[in-house]
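Okay, thanks everyone for coming. Let me put the model up, and then I'll walk you through some of the packing.

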Amino acid sequence: MTKEQCSLQPNYYGSSCDFQDLQSAVQQLTTKSDAQFEELKNEKWFHRIFNMVVCPRKNNIRMAEQITSLAQAQGILIEILVRLADQDANIAGMVMQSQSDIRALAQNSAYLQERLYLLEDKSYGIKENENLKDLNGQQRNILSGCLNDASKLYAMPSNEQRLYANELLNYLQADARVENLEDALDDLEDNTKRKILSCIITYMYLYDHTTESMEQDEQEDFIDLFDLGRKTIKSLKQQTVDTYRLRGVDGCIDRYITAPIEITEETPFEVELPEPKAAEGASEAQAEENGEEAIDTNTSREKLVLSGSIQNDGETVYKNKDIHFSSAIMNCKGTVKFINCTIHYNEDSGSHIYLNNETELSIMASTIICHGDCKKGNYFIQGINRAWAKNCTIKNCIFIDCVGFIGCGCITFCFDNNKVQGTCSEFFSFGVKEEAKISNNHFVLPDKPTFEFRDANDAIATNFIYCGGKNVFIENNIFECEKSINASSYMVENNIRVIKGSAWIGYDEETDKGTVSNCTFVRMNKCIEHIGTVKDCIFEKCSEAIIECGFLITENRFAECKNAIVNLCSRATLSNCQFIDCAGKELVTSRWNSQVTIHDCEFSNVSLSPVNSVEEIEQIGELCLKNYIRELIPGKFSTLDTKGVLIEIGGVDKKFANSNRPSKIERCIFNGVHICSEGGFACNMGKWKACKADRNLTKDQMNFLISVYTANYDKFNYPRVIVSDCTFKNCASVHQEIINTEPYDSVFGSRHNYTAISVRNNYGLDNIGDPTSYVKSSDVKLKETDANGNKIGSSLSVN
């Protein structure tokens, strides 16, 4: 273990974690045992709280992953609370409420005991401006005289009063008597009088530890000599009571004679960290075997300011530097390497790195920090004159608040084992000719970015990552939003895609561009768009998870998602996926003129709406229904729309419809699917009521599990969809027909011969239940592996 100087990330509290996280930390870390520590490390609050701490000499590693014991976590928590106590009044209240538990954290450490006293001082406000060291000789004599006169108010001062007075007088080195105390006090400034009166009130309280000892007539007359407001006097009395209850007479003495410790959010503190593991700090032999240079990330970084025109020909290496750019233009023509550096950018708007043809850029084991917005579409690193850099490799780095970091074309691109935090605006954009790999990275996206990226038209960019090219592989990454999806979040509000590729729809030969595999997405909106293949991924609490995929979606899990698959297109296949506890309205849809196949998928405990009555809305609670509720006028008018279709196949033109190219839904399991009534519910000023459903609904107005879009004038010779060999169990619907085989209104009448959906060899369609008695299926097992037994999702840990 080595001791390292650490500090808190500025502005982290309030944006990346909040008071509820701190409250959870205090509750859990003060009540759990060492044996339960590993369980605590898996909690989301644990990562949010302790990743607030950074260690510059350790490449700003994520602190939550470095904590090895409960005691260490408790100590760091006290350091965090001390630094944040001034920021949030809720913290002070929590400290006072959980005083005994928090004190237990520090019982075995003198250093932590000192920090605990400081935390209590801040929370109770008992040491603010009370230190007496700044009193001059005359002021000290006046205080001494006040103590002498105050002692005459008691026939026999208590032992604690005598001890207290003796300690203060020894500290002041004064033992004077003042002839005219009232006149002497009149000459003092209010702040000085306040300090002296605080000492006197404490002396009075120490007589018998009751408020009455400060409020007898003689005592009140003495206090009135100071001519301070009643509010000030009341505050001083309360601080005295709080101090004695916390610390006794020793604390009362210490309050005045010990200089306060000034600690702010930026004040560093020491943390014992484990030595780098072999996997993190590779040995020289391992590095040579991998063809890489061994990097010592413990080496300090020397400040370097780059300015003016910088021509990098041949090979240029920046190693162990803390780099700032000041009106700098770096023109890279050869090989440029940044090794164990801190790279600051957007400190001004004119500094950029330009890549030429054949340039090789390498950034290794570095920290990259953005300091401002990107404007007019200018990336910090960009190609010059549409150049294609030979190679761009970024490994083992930490990115903080970074927007517009890199936008260029590359022959090959590698972004591996990095950690990205504080941004959800345009991070990087690239096109690749041969191959790109984005792997083993952890992206933590905030509800709102510190900085944003705007294009040449001053519009907000709509992609977090854009990757153009056929051989783009995005593997074993985590993308998680720190908070839940809501309409006011930056990414939802600005329609931002997390990953966007170049698999163009409408062109069959272009639909397979790009692969996303073994990634985990948590609380994300618009996760993936225009990527050819998405496989072995996990989507939790996501909205619009996959948009306009035209090739293959397979072996994925979608849990508590809504609009999971949007506009399957071309000849896309959706296979072996699990949809569990999802909002059912338009859960899977396909695009116009598409021939899609959905096979061997499981839809379990999926509902168009989880309620059938106003009573159920009140019972479940609006928070749990957020995926279903549409807030039309915030705080005033909302609707819970129950109209929709679980799987809706898109429309086609006449030529496509009559070419015998049906979409197919095969061997799927529908277990616990709830097709609710069509009426819906409305909330006006906090009061919900049911909307009456029209019992004369046409079929295109009714709810179905599977339906196909057809216009009134459509006539076709072949079924648009074939549903075969599927199992329907524990499904509930207002009407028994949950597959809309003939979605027509009265234009054709009831005797037409057109069948939109052909239903063949299915099980359970004759046993559809009543939605008012619906209960979820209990025989659902969460999908953890693919058909070959390989684990799905990322192997990295979600915060």
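So, R140, L143, S144 and L147 in α8 meet L168, L169, Y171 and L172 in α9, where contact means heavy atoms within 4.5 Å. Before I go on: this is a predicted model, where local features need pLDDT of at least 70, side-chain atom pairs count only at pLDDT 80 or more, and totals for chains, interfaces and linings use all residues. Numbering starts from 1 along each chain as its sequence is written, and side-chain values use heavy atoms, with hydrogens and water left out.

Back to that contact of α8 with α9: its residues divide into 6 nonpolar, 1 polar and 1 charged. For those classes, Ala, Val, Leu, Ile, Met, Phe, Trp, Tyr, Cys and Pro count as nonpolar, Asp, Glu, Lys and Arg as charged, and the others, Gly among them, as polar. Helix names come from DSSP runs numbered from the N terminus: helices are H or I with at least four residues, strands are E with at least two.

How do α8 and α9 pack? The angle is about 160°, and the axes are 10 Å apart. That makes α8 roughly antiparallel to α9; the cut-offs are under 35 degrees for roughly parallel, over 145 for roughly antiparallel, 65 to 115 for roughly perpendicular, and oblique for the rest. The axes are lines fitted to C-alpha atoms, for helices over the stretch in contact, and angles run from 0 to 180 degrees between N-to-C directions. The crossing of α8 and α9 is left-handed, meaning the near helix is turned anticlockwise from the far one by less than a right angle, with clockwise being right-handed.

Now bring in α11, residues 190-205. With α8, residues 137-151, the angle is about 30° and the axes are again 10 Å apart, so α8 and α11 are roughly parallel to each other. Their crossing is right-handed. On the α8 side the contact is made by Q139, I142, L143, C146, L147, A150 and S151, and on the α11 side by T192, I196, C199, I200 and Y203. By class, that's 9 nonpolar, 3 polar and no charged residues.

And the remaining pair? α9 and α11 pack at about 155°, axes 9 Å apart, and are therefore roughly antiparallel to each other, with a right-handed crossing. Here Q161, Y164, A165 and L168 in α9 meet C199, T202, Y203 and M204 in α11, giving 6 nonpolar, 2 polar and no charged residues.

Okay, sheets. There's an open sheet of 3 strands, in the order β2-β1-β3, with antiparallel pairing. By the way, strands pair if DSSP finds at least two bridges between them. The edge strands are β2 (53-54) and β3 (269-273). Strand β1, residues 2-8, pairs with β2 over 2 bridges, and L8 stands opposite V53. Helix α4, residues 70-84, packs on that sheet, touching β1, β2 and β3, and its direction makes about 160° with that of β3.

I565 stands opposite V588 in β34, and I546 stands opposite I565.

Last thing, confidence. pLDDT is the predictor's confidence in each residue, from 0 to 100. The chain averages 82, and 82% of the residues score at least 70. But pLDDT stays under 50 over residues 108-112, and again over 745-749.
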